Amino acid sequence: MRFIKRIFQVIGVIIGILFLIILGVFLIDGQKTSYLHIPKDVVESDQKILIKNVNLIPMTMDTVMNNKSVLVQKGIITQIEDDIDLDEVTIIDGTNQFLMPGLIDMHVHVWDEYELGLYLANGITAVRNLWGQPMHLRMKEAIEDDEIYSPLFFTSGPKLTGPEFIGDDNYQLFSAEEAREVVRSTKEKGYDFIKTYYGLPQEYFDIIMEEAELNDLDIVAHPSNLVDYRYHFKSPIVSIEHAEDIVQQPLNYTLDTLKLNEVVASFKEAENTSFCPTLTVYHNIHRLLLDDEILESQDLNGVNPLISKVDSQAQYDRWASEKNKNDSIVGKIEAQHNFHLLALNKLNRAGVSIICGTDAGIGVTVPGSSIHQELQFYSEAGLSNFEVLETATINPAKTHDFMRNLGTIETGKTANILLLKDNPLNDLSALKQPSIVFIKGRMLDESTLNKFQEEGTGRNNLIVSLVRYIEFMLKKY
């Protein structure tokens with residue numbers, strides 16, 4: 001009996017020590033991300049800023065309005081005139097610079113606070129997180145309470161799939177009542193929308209759509225293989241993700257232009273459905289196939305260390321194995337990526353609303369900087385620079401009601417705006433290094449943005465990320 005008691009005492013001590021270690025790791029990580037904390041005096045200030053003599057790209061039309069003055073008060077654009085004169089206001093001289101709405105990445109996977117700084121450093125002032133976890137609710141609360149600098153943060157609940165699609169990264173549904181309860185729980189817990197996933201059968205899909213409408217929740221759909229692709233055009237689904245799923249589902253893994261035209265026609269008929277291409281995905285698969293040293297590349301230092309060691313490595317191993325078995329895979333992946341460009345061209349010409357999304361945060365897709373590659377692909381697909389910018393500004397703002405106050409520079413809109421040295425309508429690379437990012441009217445200058453980039457690169461928070469993921473696996477809702 002004493003022996004058993006002693007064993008339990010030892011176990012208790014070990015658990016206590018592990019708890020203290022984990023607590024210490026979290027405290028240290030909290031200190032390391034303190035650079036993102038908003039000082040109290042900044043939160044309480046009037047935030048009255050006047051940007052003068054700036055070239056305005058309002059994104060309400062394809063134009064540049066020269067030498068304008070824009071007044072921002074308490075996070076809102078309150079006045080746009082040829083000239084504004086005010087006392088007791090912070091004045092920014094925008095001479096020879098360009099002012100446009102902040103970028104929006106509509107498909108990301110956020111793993112830590114460091115990534116929020118990486119998004120801001122790349123001019124991204126709002127993100128749509130597509131893999132909701134408990135940590136995201138805490139993150140969202142801190143952002144909304146003005147505790148940390150961050151893009152506006154909108155998140156789905158966990159990815160919803162059916163009983164046959166096993167995986168610790170999604171939420172399996174096993175009954176109709178569970179499907180209803182999950183939607184209600186999504187609303188109650190504070191997630192912004194539903195994400196449906198691969199492997200979701202029609203029975204549960206119908207219930208989720210019905211319950212989502214009752215609870216005023218949008219649905220974002222990673223297409224399910226268990227329903228017809230056209231099934232995803234139903235309300236309240238507001239966007240369909242991934243160009244590769246067009247090839248894999250309605251085109252049945254063929255690069256069939258005639259069948260593609262049928263898909264484009266279906267999209268055109270579904271006036272309230274946006275399309276999020278995530279073209280960077282197949283580009284990065286191609287990189288994995290070509291570069292044996294890609295995981296050691298400096299430009300991947302912005303990837304969360306847990307993701308790097310687990311998901312990035314797994315994807316590398318998968319495609320390396322595939323190449324060893326079939327060396328023609330390199331050409332096939334490149335051909336499919338090029339087909340995705342064709343698909344995007346056709347969808348854009350048909351008037352479909354394209355919304356920019358990168359799938360950043362998993363694999364080798366780096367948070368923040370990947371948006372510039374994604375937008376460049378839209379240009380390669382034949383979109384004009386104005387149309388490219390629409391995908392990351394006004395189009396996302398039209399997709400969800402909770403984004404309506406973003407995406408353009410107009411009076412009454414949230415002051416999520418970028419001051420750029422050059423005109424992105426002439427050269428998209430002008431987006432890469434903003435002079436100033438305004439997030440809810442708070443000014444982040446170039447040195448601050450550089451600090452966000454530096455601090456988010458090469459971070460060492462693997463244990464913290466692992467604990468958060470274990471929390472998700474233990475309690476997804």
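User: How do the residues of the lining of the second largest cavity divide?

Analyst: In this predicted model, the second largest cavity has a volume of about 40 Å³. Its lining consists of Pro101, Gly102, Ile104, Thr125, Leu406, Gly407, Thr408, Thr414 and Asn416. Pro, Ile and Leu count as nonpolar and Gly as polar. The division is therefore three nonpolar, six polar and no charged.

User: What is the volume of the largest cavity?

Analyst: The structure holds two cavities of 30 Å³ or more. The largest cavity is lined by Ile38, Ile143, Asp146, Ile148, Tyr149, Ser150, Ile439, Lys440 and Arg442, a set of five nonpolar, one polar and three charged residues. The volume of this largest cavity is about 50 Å³.

User: Which helix gives the most to the lining of the largest pocket?

Analyst: The largest pocket, with a volume of about 1400 Å³, is lined by 42 residues, of which Tyr197, His222, Gln315, Arg318 and Ile362 lie nearest its centre. Helices H7 (244-248), H9 (280-290), H10 (305-325), H11 (329-349) and H16 (462-474) each supply at least two lining residues. The helix that gives the most, with eight residues, is H10.

User: How do the residues of the lining of the second largest pocket divide?

Analyst: About 590 Å³ of space lies in the second largest pocket. Val238, Asn272, Lys398, Thr399 and Arg404 lie nearest its centre, among 30 lining residues. Strands E12 (237-241) and E14 (353-354), together with helices H13 (385-391) and H14 (394-399), each supply at least two residues of this lining. The lining divides into nine nonpolar, eleven polar and ten charged residues.

User: With which residues is Ile246 in contact, leaving aside its neighbours within four places in sequence?

Analyst: Ile246 is one of the residues that touch the most other members of the largest nonpolar core. Beyond its neighbours within four places in sequence, Ile246 is in contact with Tyr229, Leu251, Leu260, Val263, Phe267, Phe275 and Leu347.

Technical notes
Residues are numbered from 1 along each chain as its sequence is written. This is a predicted model: local features need pLDDT of at least 70, side-chain atom pairs count only at pLDDT 80 or more; totals for chains, interfaces and linings use all residues. Side-chain values use heavy atoms; hydrogens and water are left out. On a 1 Å grid over the protein atoms alone, a cavity is a set of points where a 1.4 Å probe fits but cannot get out, and a pocket is an open set with protein on both sides within 12 Å along at least five of seven lines; lining residues have an atom within 4 Å of a point. Grid points are joined across faces, edges and corners, and a volume is the space filled by probe spheres set on the points. A nonpolar core is a set of buried Ala, Val, Leu, Ile, Met, Phe, Trp, Tyr and Cys residues joined through side-chain atoms within 4.5 Å. Buried means under 20% relative accessible area, exposed over 50%, partly exposed in between (1.4 Å probe, protein chains only). Contact means heavy atoms within 4.5 Å. Helices (H or I, at least four residues) and strands (E, at least two) are DSSP runs, numbered from the N terminus.
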